[in-house]
Amino acid sequence: MLEADRPSEPEAPLIRVEPPGPRSAALLGRARARLWGELSYESMPFVLARKWGSVLEDVDGNRYIDMVTGWGSTNVGACHPDVVEPVVDALRAYGVEITDYVCSEPAVALAEKLAEIAPGGLSRVVPEISGTESVETAIKFMRVRTGRPLILTFLGQYHGETQAALAVGSQEPEGSRYVRESVGGYIHVPYPHPYRCPFHRDPRACDGVCVIDYVREQVLRYLTPPDRIAGVMIEPVAGEAGVLIPPAPFWEALTALCREHGWLLCADEVQTGFGRTGRMFGVEHWGVEPDLMCLAKGLSGGVMPIGATLGTEAVMGELHAYAGGTFAWTPPACVAALRGIEVIEREGLLERAVEAGTGRPRGPRPPRRSVRARRRRADQGRSTSPSSSSRSASARPRRWTSPGGCTRRASGAASPTSTTTACGWCGGSPPSRCPRRCCGRRAPSSRRPWPRSAEGGERWGRTSRGRPGSWRG
């Protein structure tokens with residue numbers, strides 16, 4: 001379809017009735033009475049009626065800009081006509097068919113396309129229906145191919161909702177209740193994050209290699225020999241953990257460690273795949289060539305559920321393992337995936353992402369200082385009057401870094417033991433009332449942060465719902 005022939009997106013945002021409108025409120029009440037209790041829809045107080053591109057419209061006529069995007073699935077926009085129309089034709093032609101037993105032309109074409117665009121030597125494809133199943137299949141292939149039981153993975157990652165996917169991931173402890181006790185075989189280490197380095201290194205000095213050093217010096221020395229680890233499961237960008245982006249030296253050290261011990265490297269590209277980082281796949285930013293790769297979400301073209309596990313010939317070739325499923329790669333879903341990839345390539349969506357951003361995942365965010373601190377430093381720089389310049393050096397405020405990690409000011413103090421201190425972030429406020437809690441002392445709030453490190457690393461806080469496990473800046 002030509003660009004001029006496509007229907008334009010309606011105006012948004014547009015609020016006709018304060019959400020939730022009467023129809024949405026009634027439907028939400030019915031939903032809460034029958035759907036599982038955790039699906040409360042408190043954060044989305046409306047009921048969807050239809051979608052176009054990046055616009056949602058509820059049953060009361062309100063329109064919203066779509067920031068959910070099908071949880072990362074509508075990479076080409078919702079209901080793209082060049083995807084929807086061929087899928088409707090495929091539904092009429094094929095209906096539902098199990099690709100594990102009955103092959104179809106769309107399935108063959110999709111497998112060939114994925115092998116063409118995948119990085120490195122990923123040439124074999126296992127059909128799946130979701131990201132969770134693709135992760136389960138990758139775990140299975142790592143263990144069957146190597147004959148080893150353990151998987152090395154990283155804290156904070158999300159890989160799905162089944163028992164194995166919850167076990168290989170690690171979000172909130174409550175989310176994996178009863179899983180750790182019943183599903184073993186996973187070793188979790190910190191995810192590389194220089195800005196809040198898990199080993200409390202200075203953000204400017206941390207390159208993520210400290211995580212690999214920890215694996216070498218602690219895990220392989222005290223927990224398990226390397227010949228018991230089958231492979232490594234990692235998200236190129238840890239989305240649910242806060243969109244954490246590992247530095248390039250980490251990837252070099254990780255791939256070297258895998259080659260050294262014969263570990264298989266699996267990249268979970270369910271969230272980062274198909275253009276969400278400005279490349280077709282996230283690992284391409286660092287030139288990483290994994291042995292296995294998990295796909296879903298953006299593979300759907302925003303229309304039909306589908307997933308895939310890709311592997312090299314050395315990993316998957318002629319290996320006997322059970323995978324797939326009844327609804328994995330139905331022909332209409334394969335058509336949706338093919339058309340979605342075509343739209344990404346034809347409309348230059350990767351290039352558009354490069355133009356809109358940096359063309360690569362941005363590095364760690366520099367520390368942010370308060371407006372008051374910036375004004376104070378500016379005022380100090382302008383203090384050139386005779387009265388200010390004639391002050392003796394002993395009378396000028398001195399700065400030092402406290403063991404709590406914040407910069408304090410001690411007026412006339414000769415040592416950091418002075419009791420007349422004020423927080424460097426909030427000026428004259430007492431440290432116990434610092435709104436940023438940068439003094440290592442507990443502020444009068446319901447949120448109870450962990451103490452800072454000596455290098456000034458951030459702490460874990462709580463979300464707006466009071467649950468632990470969210471980064472607080």
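## Starting point

Where does T69 lie? T69 sits in helix 2, which covers residues 69-72. This is a predicted model, and in it T69 has a positive phi of about 50 degrees even though T69 is not a glycine.

Stepping back to the whole protein, there are 13 helices and 15 strands. Of the 473 residues, 46% are buried. Take the contacts with a separation of 6 or more: 66% of them come from residues 24 or more positions apart.

## The nonpolar cores

In soluble globular proteins, nonpolar side chains tend to be buried together. Here the largest nonpolar core has 67 residues. Those with the most contacts inside this core are L110, L114, L254, W263, F274, L295 and L299. Helix 10, residues 331-346, gives the largest share of the core, with nine residues.

Leaving out residues up to four places away in sequence, F274 touches N75, L114, I117, R279, M280, F281, L295, A296, G298, L299, I341 and I344. There's also a second, separate core, made of 25 residues, with V135, I151, L166 and V315 among them.

## Helix 7 meets helix 8

How do helix 7 and helix 8 sit relative to each other, parallel or antiparallel? Helix 7 spans residues 209-223 and helix 8 spans residues 248-261; their axes come within 7 Å and cross at roughly 30 degrees. Angles under 35 degrees count as roughly parallel, so helix 7 is roughly parallel to helix 8. On the helix 7 side, the residues in contact are V209, V211, I212, V215, R216 and L220. Across from them, helix 8 brings P249, F250, A253, L254, L257, E260 and H261. Sorted by class, this contact has ten nonpolar, one polar and two charged residues.

With a relative accessible area of 34%, R216 is partly exposed. Setting aside neighbours within four places in sequence, R216 is in contact with R221, L257 and E260. R216 and L257 are 41 residues apart along the chain, and their C-alpha atoms are separated by 8.6 Å.

## Cysteines without partners

How many disulfides does the structure hold? The count is zero. A disulfide is a covalent bond between the sulfur atoms of two cysteines. For C206, the nearest cysteine sulfur belongs to C197 and is 3.6 Å away. The cut-off for a disulfide is a pair of sulfur atoms within 2.5 Å, so C206 is in no disulfide. C206 counts as buried, at 8% relative accessibility.

C334 is in no disulfide either, and the nearest cysteine sulfur, that of C103, is 9.1 Å away. C334 counts as buried too, at 0% relative accessibility.

T330 is placed in the loop between helix 9 (313-316) and helix 10. Is T330 buried or exposed? Its relative accessible area is 7%, under the 20% cut-off, so T330 is buried. Apart from residues up to four places away in sequence, T330 touches V96, E97, T99 and M304.

Now look at E105, found in helix 4, residues 105-117. E105 counts as exposed, at 66% relative accessibility. E105 and V335 are 230 residues apart in sequence, but 9.5 Å apart in space, C-alpha to C-alpha.

Two cis peptide bonds are worth a look. The bond from A12 to P13 is cis, with omega near 0 degrees, and P13 is in the segment before helix 1 (22-34). Another cis peptide bond joins P19 and P20, where omega is about -10 degrees. P20 also lies in the segment before helix 1.

Then there is K297, which has a positive phi, near 45 degrees, in a residue other than glycine. Where is K297 found? K297 is in the loop between strand 9 (292-295) and strand 10 (307-312).

How values were computed:
Residues are numbered from 1 along each chain as its sequence is written. This is a predicted model: local features need pLDDT of at least 70, side-chain atom pairs count only at pLDDT 80 or more; totals for chains, interfaces and linings use all residues. Side-chain values use heavy atoms; hydrogens and water are left out. Axes are lines fitted to C-alpha atoms, for helices over the stretch in contact, and angles run from 0 to 180 degrees between N-to-C directions. Helices (H or I, at least four residues) and strands (E, at least two) are DSSP runs, numbered from the N terminus. Angles under 35 degrees count as roughly parallel, over 145 as roughly antiparallel, 65 to 115 as roughly perpendicular and the rest as oblique. Contact means heavy atoms within 4.5 Å. Ala, Val, Leu, Ile, Met, Phe, Trp, Tyr, Cys and Pro count as nonpolar, Asp, Glu, Lys and Arg as charged, and the others, Gly among them, as polar. Buried means under 20% relative accessible area, exposed over 50%, partly exposed in between (1.4 Å probe, protein chains only). A nonpolar core is a set of buried Ala, Val, Leu, Ile, Met, Phe, Trp, Tyr and Cys residues joined through side-chain atoms within 4.5 Å.
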